[in-house]
Amino acid sequence: MGYWALQANPSRYRILQAALDVDEVPWTANQYADQVQVGDKVLIWLSGPNSGGYALGEVTARATQMPEDPRFASYWVGAGSDDDVKAMPRLRVRFTRRMYLYPLLRSRCKQDPVLSQMHIMRQAAGTIFKITNEEWARVQEIVEARGKAWKREETLLALGLYFDLQAGAASTRDVAVQRLARLLNRSTGDVEARLDVFRQLDSGATAASGVGVDVRPIWDELGARPEEAPLAREIEAKLLEGGGLESVRDASEGQRGKDEVRLAQRSDPAFARERFEQLLKDEAVRRACLAFLADSIQQAHSYGAARWGVTLRLSKKIHLNVGRFLAFGIYDGEVWVGLHKEELSEQDRVLLNGTWEDPFIGYNDITACRFPASRLAEMRPRIENAHRRFLKIAAESAKQTPYFKSHSPGVITYLRKTLERPSLPDPAYVEDGSGPGTPRPSIHDHLRARGLHFPSELVTTYLLSLKTKPFVILSGISGTGKTKLAQAVAEWAGSEGEELRRHEFISVRPDWLDGKEVLGFYNVLTEQYAPRPFLNLLLRAHRDPHKPHFVILDEMNLARVEHYFADLLSVTESRTLREGKLRQESLHLHDRPRCLPLAPPEARKEPARCTSCQATSEEVAACPLHFDGVQMVPPKLGVPANVYITGTVNIDETTHMFSPKVLDRGNVIEFNEVDLRGYGKDAKPGGFALRDGQIDLGATTVARQDNFLGAPDEVRNTLAALNDLLAESNLHFGYRVANEIALYVQLATAHVGPDAVDVALDLQVLQKVLPKLHGSKQKLLEPLWRVLLFTLFGKDLGVAYGDADFQKFEQALRKNEPVVPPGGGAASPAVMPRSAAKLARMLRMLRSQGFVSFIE
């Protein structure tokens, strides 16, 4: 038996109309006419904008030279040309399954590893294409997976037929019923049963009778309005154009309101609040749904900042779209939740019985359910893991969700205010201020457009480090681009082109002795507060809490960091997460009993809330301490979670070294490699790089114990073994560092890929553990040697330091070659090559100078 795809061009032949009217059609066989046999199975494929498979069938007669059957000439557009109807080899094909509602669209086949290889996918010109046994089995698997539940549109079609039959508009009942059965791919008995339900409802059957439980809402809505019968004909006409139910629903949305909710409404949080309150009338239920939606947004955002969007639908629906999929929907008293089957227990499946929606074509492992919104709080613990895994798969289906043009920023603003979650992100295509429809370029494209060419690994680890903890030190020789990279990232994240700048470039001076140069001070002579640029940015960040703000401290070690920056470091280290909210200590700014105006006023913009007492804008306007929209300086101020601090560092006779407690609080990234041969050329693609060049920098989080405990076993075991080794020399690290390393690895897995764990762990040992190692040869020779062996071979070999072994390792690392263990054995690549290379440099310096520090 053979398998074939038969392709029809809808601009020349109305195959979908023909399949609706008859059960068997002739088919022109220009190719493979002598190979197609009776009994072969076929997939009827439509070309054009809605291309895909719309029916299955089988060959009932081999190709025979004959003119077009006059009964089918009318299906040719324009009655067909002479070439269309002349004698040609023609097969006979009988339809065995019609897929008007759920076609096997080309766009979905592209995502399937088997169907994407079909001949018709790779070479679309022609009318007959071979299908392999494996491909046909996959087609069968997908089309058989469709559920049996009636969709709203199917019920509307049946209701339209009932109205037509009542009005005598249908010529012959049997023909009309058979036609609808073909359209829906159901038996005539199924259609008759549905018509009988409408007859009983029309005769006055009450809800207590149990008749038509699933169709009663539609009957109550439209049963008294036979004039709605044309709606069914509109649905049928749309199905015959191709595209399936999705195109019908999109057209229905447009018919009711000319496409989407107007832009002004999409951006209005008051409109979003009104819509949520209409759909979810109970406040407790509504709040549970809002929390679930916000958590889903946060999770989807971690997989890609442009891969999701929230849409207010005109039909009074709210959709969270992730990738190409609907991930979470809110309807009138109901919710729709995408799930991964493997994460559901048998008991969970039983509880969800009766709520399943049709599966996703081409995706066997994911499904969805729809149930009363009042059950979400109860079901959430059971379905949460299944939903998170669904979000990951959905995010991987598109680098940018195709629904970005209908994103509704007002929903995000409403969620931030209602749930008190100011850090809830915007998608990347909104974050740069361009609004929906203008996606932000990738960071690599942004850098390239500005003539900057950094290795992708360097850019990626800088962004992941900022996201893990918003304090990063860029160390290296002068002129390697440390400051340029920090400025470019701030610009890319949207800090330019707004009324209030979202970044400050601050040159550190050698005479900075305390925090006054950073935070300003109260001048007792003028009775005014004298601000500094850093404080101004903190106040701006409080006004705009969901957008990132950047501080670049240039040459930050010209003064002692412990002196002028101690307060900032202490406050940021006091951060904790409680019930999803960031808690922290506050900076002490002055001892006055009230807020103080800045002198001179930096901007005349009304803040949304007072930074001191969190009064609303209306309350602020009535406050005697607030005048002309001038920002006030409160006695105490927290450091917003959307402030990112980067310090650039050079080491020479004019600078100061960092203490371990400063290095312990951030990531240290080195800029010491200079490649003059490759200067000005793009870095090689691939490797450790952001999957789509995007990452959210709206607000940071706090690394917690959960991050470490949830890390892969290899990460936890490696960190534990390394810490045990360092503890023998009292050089070990604490829980905070372990939590932050685990969070970095988690972010790398989400934004780079699941294979990034080893590289991420290597980079974190390099950036978080090694920077604190400094001292004399007597103190560090053995610890550095043992850590070097650990990074080379993944364990403490217990071998004493030897010059010959060290030189052998150093040479292999320099040439990027496999390393032979001390005493001989099979050579193997270094387990942590980046950390090992740095340790080798430190050991070389220690041997020659008798003292070493990480920052050179």
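Reader: What volume does the second largest cavity have?
Author: In this predicted model, the second largest cavity comes to about 40 Å³. A search through the whole structure turns up two cavities of 30 Å³ or more.

Reader: And which residues line the second largest cavity?
Author: Its lining is made up of Ile15, Leu16, Ala19, Ile44, Tyr54, Ala55, Phe95 and Tyr100.

Reader: Changing topic to the strands: how many residues of strand 8 are buried?
Author: Six of the six residues of strand 8, residues 308–313, are buried, so the strand is largely enclosed by the rest of the structure. Trp308, Val310 and Leu312 point one way from strand 8, while Gly309, Thr311 and Arg313 point the other way, and all are buried.

Reader: Which way do strand 8 and strand 9 run, parallel or antiparallel?
Author: Strand 8 and strand 9 run antiparallel and are joined by six bridges. Within that pairing, Gly309 has Asn321 of strand 9 as its bridge partner.

Reader: What joins strand 9 to strand 10?
Author: Five bridges join strand 9, residues 317–322, to strand 10, and these strands also run antiparallel. His319 stands opposite Gly329 of strand 10. The hairpin formed by strand 9 and strand 10 has two residues between the strands, and Gly323 takes a positive phi near 60° there.

Reader: Is strand 10 mostly covered or exposed, and what is the count?
Author: Strand 10, residues 325–330, is mostly covered, with six of its six residues buried.

Reader: What about the pairing of strand 10 and strand 11?
Author: Strand 10 pairs with strand 11, residues 334–340, in the antiparallel sense over three bridges. Gly329 has Trp336 as its bridge partner in strand 11, and Gly329 is also the residue that His319 stands opposite. Strand 10 and strand 11 form a hairpin as well, with three residues between them, and Gly333 in the turn has a positive phi of about 75°.

Reader: Now the side chains: where is Arg90 found, and is Arg90 buried or exposed?
Author: Arg90 is found in strand 5, residues 88–98. Its relative accessible area is 2%, so Arg90 falls under the 20% cut-off and counts as buried.

Reader: Which side chain does Arg90 contact?
Author: The side chain of Arg90 is joined to that of Thr28 by a polar contact of 2.9 Å.

Reader: And His387, where does it lie and what does its side chain touch?
Author: His387 lies in helix 16, residues 376–395, and counts as buried at 3% relative accessibility. A polar contact of 2.9 Å joins its side chain to the side chain of Ser296.

Reader: How many aromatic pairs are there?
Author: The count comes to 20 aromatic pairs. Trp4 and Tyr32 form a tilted aromatic pair, 5.4 Å centre to centre, with 45° between the planes.

Reader: Which parts does the pair of Trp4 and Tyr32 tie together?
Author: Trp4 lies in strand 1, residues 3–8, and Tyr32 in the loop between strand 2 (24–28) and strand 3 (41–46), so the pair ties together parts that are 28 residues apart in sequence. Trp4 counts as buried at 5% relative accessibility, whereas Tyr32 is partly exposed, with a relative accessible area of 25%.

Reader: Which residues do ring pairs link into a cluster?
Author: Ring pairs link Phe471, Trp512, Phe534, Tyr564 and Phe565 into a cluster.

Reader: Last topic, Lys772: where is its place, and how far apart in space are Lys772 and His732?
Author: Lys772 sits in the loop between helix 31 (757–769) and strand 26 (775–776). Lys772 and His732 are 9.5 Å apart in space, C-alpha to C-alpha, and 40 residues apart in sequence.

Reader: Why does Lys772 count as buried?
Author: Its relative accessible area is 17%, and because buried means under 20%, Lys772 counts as buried.

Terms used
Residues are numbered from 1 along each chain as its sequence is written. This is a predicted model: local features need pLDDT of at least 70, side-chain atom pairs count only at pLDDT 80 or more; totals for chains, interfaces and linings use all residues. Side-chain values use heavy atoms; hydrogens and water are left out. On a 1 Å grid over the protein atoms alone, a cavity is a set of points where a 1.4 Å probe fits but cannot get out, and a pocket is an open set with protein on both sides within 12 Å along at least five of seven lines; lining residues have an atom within 4 Å of a point. Grid points are joined across faces, edges and corners, and a volume is the space filled by probe spheres set on the points. Buried means under 20% relative accessible area, exposed over 50%, partly exposed in between (1.4 Å probe, protein chains only). Helices (H or I, at least four residues) and strands (E, at least two) are DSSP runs, numbered from the N terminus. Two strands pair if DSSP finds at least two bridges between them. A polar contact is a pair of N or O atoms within 3.5 Å; within protein, one must be able to donate a hydrogen and the other to accept it, and residues adjacent in sequence count only if both atoms are side-chain atoms. Rings of Phe, Tyr and Trp (its six-membered ring) pair if their centres lie within 6.5 Å; planes under 30 degrees apart count as stacked, over 60 as edge-to-face and the rest as tilted.
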